[in-house]
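Hello,

Here is the structure I promised to pass on to you. My notes on it follow just below, so please have a look at the model first.

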Amino acid sequence: MSEQKQEMRDYVLPFQVGEHAIRGQVVCLDRVAETILSRHQFPDPLSMLVGEAAALVSMLGAALKFDGRFILQAQGDGPVSMIVADYATTNRAVRATAKISNGKEDKIAKAKGPEFLHLLGKGHLCMSIDRGPDFDLYQGITDLRGATLSEAAIRYFTQSEQIPTMIKLAVGKLSLPGQEAMRWRAGGILVQFIPAEGGARDRGEAELQREEDKEAWARAEAFVATVAADELLDPSLSSEDLLYRLFHEDGVRVFDKTPIGFECTCSREKIAGVLDRYSDHDLKDMVEDGHIAVTCDFCREEYKFPVKS
Ligand SMILES: [Zn+2]
């Protein structure tokens, strides 16, 4: 078991700072980031943004205490028209994708990095929790603001949900010891002030009245704000060591890691079901070389359906 733990390269590590209501997660996506991003082959700045979205939903999704899917969706009128990432608790799997506006590939490639607002333009950011058909869909929507995805998410939580939040995300290509090829890697850290466990999350701001809480939160927020990209991506710095580095003064307690995988929910049957909804005329237009080929937006898996002529 301990050997298995050491080998875990894709995970979310939950933690609590001191005795305070400050909780958080550290995420590390190694094989998962490489799988998602190498399949899409987006220009690098967009790959980084999609990797950040995958890291963020992994932290938020892994913290859910019930079966469900955490979905982040950003839509805009910029060179990138959409980014979607989701995390399913049932198989602890994340997936992520993006849509590029027609002909805007070059503009994206020239971006300096994962410039969220610059790449998406005007639009909105939506966070949803889907617990299946027996529950109402929980959905929060806000305008796209914030130069980076972490800034946009911090703004969403502090303003729409009244939960004091600090987030740092990082995505980069690096070669691990003993490997020559450059591989994608994504990491992140999130802290929130969440008072009563299982209680109303929206009381965060209101409960942040006690002087002691205020000070502890201000420290946690400031410490997380200092986390550099290389601290989140460096495979030789363990998440536990990073947390100790940040919070040793207040004391930090870590909980069991959640292993994260990559898995797509697409299937031949589902795609066939979608094709069934098209008219014969539209289907005819899709035929090429005697079959209809459909590629899943999330995992780039290609499904081919032969057509009888
Ligand atoms: Zn798929």
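This is a predicted model: local features need pLDDT of at least 70, side-chain atom pairs count only at pLDDT 80 or more; totals for chains, interfaces and linings use all residues.

Let me begin with A229, which counts as partly exposed because its relative accessibility is 43% (buried means under 20% relative accessible area, exposed over 50%, and partly exposed in between, with a 1.4 Å probe and protein chains only). A229 sits in helix 9, residues 229–233; helices (H or I, at least four residues) and strands (E, at least two) are DSSP runs, numbered from the N terminus.

Residues are numbered from 1 along each chain as its sequence is written, and side-chain values use heavy atoms, with hydrogens and water left out.

**The two domains**

The protein is divided into domain 1 (9–262) and domain 2 (268–306), with bounds that come from an automatic or database domain assignment. Nine residues from domain 1 and four residues from domain 2 make the contact, where contact means heavy atoms within 4.5 Å. The C-alpha centres of the two domains lie 33 Å apart.

About 610 Å² is buried between domain 1 and domain 2, and carbon and sulfur atoms give 60% of that; buried area here is the accessible area (1.4 Å probe) that two parts lose on being put together, summed over both. On the domain 1 side, R39, H40 and R95 lose the most area to domain 2, together 59% of what that side buries.

One salt bridge is counted between the domains, meaning a side-chain nitrogen of Lys or Arg within 4 Å of a carboxyl oxygen of Asp or Glu. D297 and K99 form a salt bridge, their closest N and O atoms being 3.7 Å apart. The elements that give two or more residues to the side of domain 1 that touches domain 2 are helix 2 (31–40), strand 4 (80–88) and strand 5 (93–100). Strand 5 gives the most, with four residues.

**Salt bridges**

By the same rule, the count comes to ten salt bridges. In one of them the side chains of K173 and D44 meet at 3.6 Å, N to O. K173 lies in strand 8 (residues 165–174) and D44 in helix 3, so this pair ties together parts that are 129 residues apart in sequence. K173 is partly exposed, with a relative accessible area of 39%, and D44 is partly exposed at 37%.

The side chains of D86 and R95 also meet in a salt bridge, at 3.1 Å, N to O. D86 counts as buried at 4% relative accessibility, and R95 counts as buried at 10%.

E240 forms a salt bridge with K257, with 3.6 Å between the closest N and O atoms. That pair links distant parts of the chain, 17 residues apart: E240 is in helix 10 (residues 239–247), and K257 is in the loop between strand 10 (252–254) and strand 11 (258–259). Salt bridges that share partners also join R9, D30, R183 and R185 into one network.

**One more residue in helix 3**

Finally, please look at S47, which is placed in helix 3 (residues 44–62). S47 counts as buried because its relative accessibility is 1%. Leaving aside residues up to four places away in sequence, S47 touches L37, F42, V171 and W184.

Best wishes
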